[in-house]
Amino acid sequence: MSLEVRVRHRQGGFLLDAGFASAGGLTVLFGRSGSGKTTLANAIAGLNRPGEGVIRLGDTVLLDSVRNIFLPAHRRRIGYVFQDARLFPHLSVRHNLAYGTWFTRHREAVAELDQVIDLLGIGHLLDRRPSGLSGGERQRVAIGRALMASPRLLLMDEPLASLDEARKTEILPFIERLRDEAGIPIVYVSHAVAEVARLATTVVVLADGQVVRSGPARQVMASLDIFQGQERAEAGALLDTELAGHEPAYALSVLQAPAGRLLVPLLDRPVGAPVRLRIRARDVTLAVRPPDGLSAQNILPGRITAIGRTDGPVVDVQLDCAGDLLIAQVTRRAIATLPLEVGRPVFAIVKSISFADGSDMGPPA
Amino acid sequence: MDAWLTPEEWTAVLLSLRVATVATLWSLPFGLLVAMLLARGRFPGRALLDTLVHLPLVLPPVVTGYLLLLTFGRRAPVGSFLAEQFGIVFAFRWTGAVLACAIMAFPLMVRAIRLSIEAVDRRLEQAAGTLGAHPAWVFLTVTLPLILPGIVAGMILSFAKALGEFGATITFVSNIPGETQTLPSAIYTLTQIPDGEAGAMRLVLVAVAISMAALIGSELLARRIQHRIGA
């Protein structure tokens, strides 16, 4: 189901003037806090009413300021998973899950309680109260509650932001399954590059209420200079690879991408499985001659296609490795002394242990 | 109890219980509505409504009673209209005592309910909306259960206030045994006659017992509700 959004909304001194389109899958609204991503999500949900704009979901018009159409939130059938879960404290988990079904007409109801419970692994929580749940459990119940209302679109506003790393790792696979199995388009608000890399089909980058870039995740993640500050360290390109084999003796797996073969820590997946790999820009070293005698296991030949802003000590360099786009972060000094120029053939060197924690590898979006 | 209280005293106790109960139940829907308007409403005249509701709290009860007499008395404009059109008479009837008690207790009920409405996390109501619940259903399934402790507290406060109301009641509907002589009026009367102390003391004990029972009952109820809400 397609989603088309174009809104202009003033809120205090802040102006949101943004638009994007999604054909399905998982669309990440990415930006730092205050960039307008939650305001945009709220506009889609009907929790605010933009002064101007059009929002269309499939063939349903949710908002059209010119024709004075505004469908209220309760008639939009858009599930919303909030950052703070917002479970009803006076209802058990079971009744929280059932809440949406009380207001869904039978012919529209598609969600099966058993399936949702199974998908999210919350069967043992049904008779508990929300106050007795951990943060991760709450978030899973909140996702289940939204799904049980049989939504046509699922909005998730930083569902992992309030959780620690362990809980994030616990929930990410559920969201991946949701994206791949539930068939409901998802709009996912996030300011964490790692989540974008792991989950996104489409990325919409927001800054100061405006869309600065949008497109397929691989393309956006391979663009230069869109990540600033802390996020810059997390920037990196996405590669769609296939698991070509295992080397159990070294506890490694081999991934095959158009760019070349990559050795990564052993993956618990069958040979032939598709794997999306994120290569952080700061983990990529560049060489202008074929390197020799290195401990680094992955050497990908390519050609420089773009060089980013050169006003700081670190510069983003984009490479084309047989069609795969990679980003490397190198010093400005290296740019000047090697020198690195657009068009020059180079070799990208990536240590296998860059992927040691496994968080950069997941199923393709 | 029959042997312990004289029939007149017994009548006064029962009348007081009836007046306080009816006053509380009748005020509840209005109290809920006004509390909702004051907590959530944005309309011109909101400050005026707030003042009007709280007026009985600060006015001398005798003044409130007298104003009721001027409005709902038999020859007063509203009173005569109600009597002719609907056959409803307040003046010097037990229904008048109900009206006086309800109005005197109203600000207490509204305050308690309003505070609990203001404490409701509106983001929960938003969440209910995104799950497909019409605003009326959101109120019934989310807001109302969450403010139940406030409603219970408001009703208990209102009941206790109505039970003890004296000034406005005696001014508006006088002190007619069997009709408008409530517990406080009966105690007052007994203190005014020779050898009335024993009867007054018995009624005082009854009043203390009822009030304490109401308080303990509300506390137990509130605890159960809090437990259910899981707060």
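Colleague: Which order do the five strands of the open sheet in chain A take?
Modeller: The order is β14-β13-β12-β15-β21 in chain A, and the pairing is antiparallel. Strands here are DSSP runs of E with at least two residues, helices are runs of H or I with at least four, and both are numbered from the N terminus. Two strands pair if DSSP finds at least two bridges between them. Bear in mind that this is a predicted model, where local features need pLDDT of at least 70, side-chain atom pairs count only at pLDDT 80 or more, and totals for chains, interfaces and linings use all residues. Residues are numbered from 1 along each chain as its sequence is written, while chains are lettered from A and ligands numbered from 1 in the order in which they are written.

Colleague: And which strands stand at the edges?
Modeller: Those are β14 (260-265) and β21 (361-362) of chain A; each has a single partner strand, so one side of each has no neighbour in the sheet.

Colleague: How many bridges join β12 to β13 in chain A?
Modeller: Five bridges link β12 (residues 236-247) with β13 (residues 252-257), both of chain A, and the two run antiparallel. Within β13(A), A:Gln256 is the residue opposite A:Glu242.

Colleague: Switching to helices: what is the reach of α5 in chain A?
Modeller: α5 of chain A (residues 165-182) has 18 residues and spans 25 Å from its first C-alpha to its last, close to the expected 26 Å. That expectation is 1.5 Å times one less than the number of residues.

Colleague: Which of its residues are buried?
Modeller: In α5(A) they are A:Ile175, A:Leu178 and A:Arg179. Buried means 20 or more other C-beta atoms within 10 Å of the residue's own, exposed means 12 or fewer, and partly exposed is in between, with C-beta atoms placed from the backbone. The buried residues of α5(A) pack against β3 (26-30), β9 (186-190) and α6 (193-199) of chain A. After α5(A) comes A:Gly183, with a positive phi near 70°.

Colleague: Where else is phi positive, in a residue other than glycine?
Modeller: A:Asp208 has phi near 50°. A:Asp208 sits in the loop between β10 (202-207) and β11 (210-216) of chain A. A:Ala322 also has a positive phi, near 50°, and is in the loop between β18 (314-321) and β19 (324-331) of chain A.

Colleague: Is A:Ala322 buried or exposed?
Modeller: A:Ala322 is exposed, with 12 other C-beta atoms within 10 Å. A:Asp208 is partly exposed, with 14.

Colleague: Where is the cis peptide bond?
Modeller: The cis bond joins A:Leu338 and A:Pro339, with omega about -20°. A:Pro339 belongs to the loop between α8 (332-337) and β20 (345-350) of chain A.

Colleague: Now the interface: how many residues does each chain bring to the contact?
Modeller: Chain A brings 22 residues and chain B 18 residues. Contact means that the C-beta atoms of two residues, placed from the backbone, lie within 7 Å. On the side of chain A that touches chain B, strand β7 (residues 78-81) of chain A gives the most, with three residues.

Colleague: And chain B, how many helices and strands?
Modeller: Chain B has ten helices and zero strands. Of its 231 residues, 40% count as buried.

Colleague: What ipTM does the predictor give the complex?
Modeller: The ipTM is 0.82, alongside a pTM of 0.83.
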